[in-house]
Amino acid sequence: MDGVSDDGRDAVNVIGFIGSVFSPWYRWSGRGNPANNCCMNVATYGRGGRFAMTDRGSDALRRGRDFLTIGPSSMYWNGEELQIEIDEVSSPPLVSRMKGRITVRPIALTAAEVALDPEGEHIWRPFAPAARIEVDLGRRGRWSGHGYFDANFGTGPLERDFSAWSWGRFPTQDGATCFYEAVPRHGAPLSIGLDFAKDGAVSEIERPPRARLRRSLWGVARETRADQGYLPRQVKGMLDAPFYCRSVVRTQIKGQEVTGVHETIDLDRFAKGWLMPMIAMRVPRRRSWNF
């Protein structure tokens, strides 16, 4: 899930991984047991921003139909909202406790499911493209804003099956619009635009033209969609890594100026082995856990 405060000053992103796809420890293990490389990745941006991504062993994993627990943090769906309880320690160089609760209240739930590759081995499931969130991280900040949550499922390494992808979600007056661009290593590229109405209805839209964004600080090439002649721009930096960039972007869709979360991943770059020790500095490994 992700969220941006109504005033645009703060943002948050939480990902529950079973098979931590960006973890060097998972790659080094041979990826034979996804449960043995699980993680609750938590990142906050703005006042007191921190990043936590601790790779944990299978002893730390508990899951059921309505909940996911990884070590000290958990997600729980109660039928109306997603409750996320966070209790993590942030990565170097800003090592500190991250503790609190995030509540995600969908405006509507969808049944949409999109195959991202020709073989259908990678699936995107946008549960709630339009939502409201409340964040309470104590001294790290309390705020509310617009949010989103989804899931991705895959049967193979991302860098084996794709060379790049780009995704964005933008709240609109009628709900939300999402764009997904994926470049499989085999088969035709995927390019899709979907409108999600406030009643949960989903419709494919004619995509506006591609529009370039400035490269990230690490030089990752980026683009999104925008009405003809409109120049989209980054209005808030979030995560900037050698192979990945997440940011808040402002663009224009069907005459409406919108601000939402955008990400780009360069999987050609991620496939390089020299990146793994760098990532390991930010992703510590903790094998054992006792509940």
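Start by selecting glycine 237: across from it, in strand E21, stands serine 247. Bear in mind as you look that this is a predicted model. Now widen the selection to E20 and to E21, residues 244-253; the two strands pair in the antiparallel sense, over five bridges.

Next, bring up the rest of the sheet around them. Seven strands make up this open sheet, and if you walk across, the order reads E17-E16-E15-E14-E22-E21-E20, with antiparallel pairing. At the edges you'll find strand E17 (202-204) and strand E20 (233-240), each of them pairing on one side only. Ignoring direction, neighbouring strands here are turned by 20° against each other on average.

Time for the cores. Select Phe22, Leu116, Trp124, Trp165 and Phe243: these have the most contacts inside the largest nonpolar core, which has 39 residues. Then colour strand E16 (residues 190-197), which gives the most to this core, with four residues. Apart from it lies another core, of 25 residues; pick out Met40, Met75, Leu82 and Ile84, which are among them.

On to the charged pairs. There are 20 salt bridges in the whole structure, and we'll visit a few.

Select arginine 31 and glutamate 159, whose closest N and O atoms are 3.0 Å apart in a salt bridge. This pair links distant parts of the chain, 128 residues apart: arginine 31 is in the loop between helix H1 (24-29) and strand E3 (38-45), while glutamate 159 is in helix H2 (residues 158-161). Is glutamate 159 buried or exposed? With 11% relative accessibility, it counts as buried, because the cut-off for that is under 20%.

Jump to glutamate 85 and arginine 101, a salt bridge with its closest N and O atoms 2.5 Å apart. Glutamate 85 belongs to strand E9 (residues 82-89) and arginine 101 to strand E10 (residues 97-106), 16 residues apart. Glutamate 85 is partly exposed at 27% relative accessible area, and arginine 101 counts as partly exposed too, at 41%.

Now try arginine 185 with aspartate 268, where the side chains meet in a salt bridge at 2.7 Å, N to O. Arginine 185 sits in the loop between strand E15 (175-184) and E16, and aspartate 268 in helix H3 (residues 267-270), so the pair ties together parts that are 83 residues apart in sequence. Arginine 185 is partly exposed at 33% relative accessibility, and so is aspartate 268 at 37%.

For the last stop, select Glu181, Arg210, Glu223 and Arg225: salt bridges with shared partners join them into one network.

Conventions. Residues numbered from 1 in each chain as written. Predicted model: local features only at pLDDT ≥ 70, side-chain atom pairs only at ≥ 80, totals over all residues. Heavy atoms only, no water. Pairing = 2+ DSSP bridges. Axes fitted to C-alpha atoms, helices over the stretch in contact; angles between N-to-C directions. Core = buried A, V, L, I, M, F, W, Y, C linked by side-chain atoms within 4.5 Å. Buried < 20%, exposed > 50% of the residue type's maximum accessible area, 1.4 Å probe, protein only. Salt bridge = Lys/Arg side-chain N within 4 Å of Asp/Glu carboxyl O.
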